[in-house]
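Please read these notes with the structure open beside you.

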Amino acid sequence: MKGFNILFVFLFGVFSCLAQQEAKNGSAEFYGDEFKITSLSSKDDVMKQFASMPVSDSLNLQFKTKVKEVCKVKGCWMIVELPQGEQAMVRFKDYGFFMPADILEKEVVLNGLAFVEEMSIDDQKHYAKDGGKTKDEIAKITAPRRTYSFEASGVLVPN
């Protein structure tokens, strides 16, 4: 019986290692909650929804976009591309996960809540500082701004 238990533990360890290796070699990596792509919205559709959305409303959706900036401090937010030169600020549900800094210009699939908010001057300055902006750039922030935001429950990064 003791030999069987040792064999069982050994085999469990081997299969665990193989499963982890297979996940690393896969074609994508999840951050946060894993999700199935069910209804992928285009960036143009997302932009239309953002433009018509009141400040206090939100919409659950999935969309594919390009990462333009990631928090340099610990990856606690990122900025993604929208059409017409617009961008959306992405934060992560309950700060439950963070993004690596090496995903700039990569396509990602976001899953979560899209919403519009009025970002305060202090919040804008905080994010500008985390993003590595200069003191002069931060000093130019003098008014609240309507921003497109997204709270991601999960992010899929294709390798």
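1. Confidence is lowest in helix α1 (residues 2-24), with a mean of 48, and highest in β4, at 96. The protein as a whole averages 86, and 84% of the residues score at least 70.

2. The model is predicted, with local features needing pLDDT of at least 70, side-chain atom pairs counting only at pLDDT 80 or more, and totals for chains, interfaces and linings using all residues. Residues are numbered from 1 along each chain as its sequence is written, and side-chain values use heavy atoms, with hydrogens and water left out.

3. Helices (H or I, at least four residues) and strands (E, at least two) are DSSP runs, numbered from the N terminus. Which residues of helix α3 (residues 121-130) are buried? They are Q124, Y127, A128 and D130. Buried means under 20% relative accessible area, exposed over 50%, and partly exposed in between (1.4 Å probe, protein chains only). The four residues lie on the same side of α3 because they cover an arc of only 160° around the axis; the arc is that of the directions from the helix axis to the C-beta atoms. An α-helix has 3.6 residues a turn, so residues three or four places apart point the same way.

4. On the other side of α3, D122 and K129 are exposed. The buried residues of α3 pack against β4 (77-81), β5 (87-92), β6 (107-119), α4 (135-139) and β7 (145-158).

5. Strand β7 is mostly covered, with 10 of its 14 residues buried. Two strands count as paired if DSSP finds at least two bridges between them. β6 is joined to β7 by 11 bridges and the two run antiparallel; here F115 stands opposite S149 of β7. Strand β1 (residues 28-32) also pairs with β7 in the antiparallel sense, over 5 bridges, and F30 is opposite L156. β5 pairs with β7 in the parallel sense over 5 bridges, with F92 opposite A152.

6. Apart from neighbours within four places in sequence, T147 is in contact with F115, V116, E117 and M119.

Notes
Contact = heavy atoms within 4.5 Å. pLDDT = per-residue confidence, 0-100.
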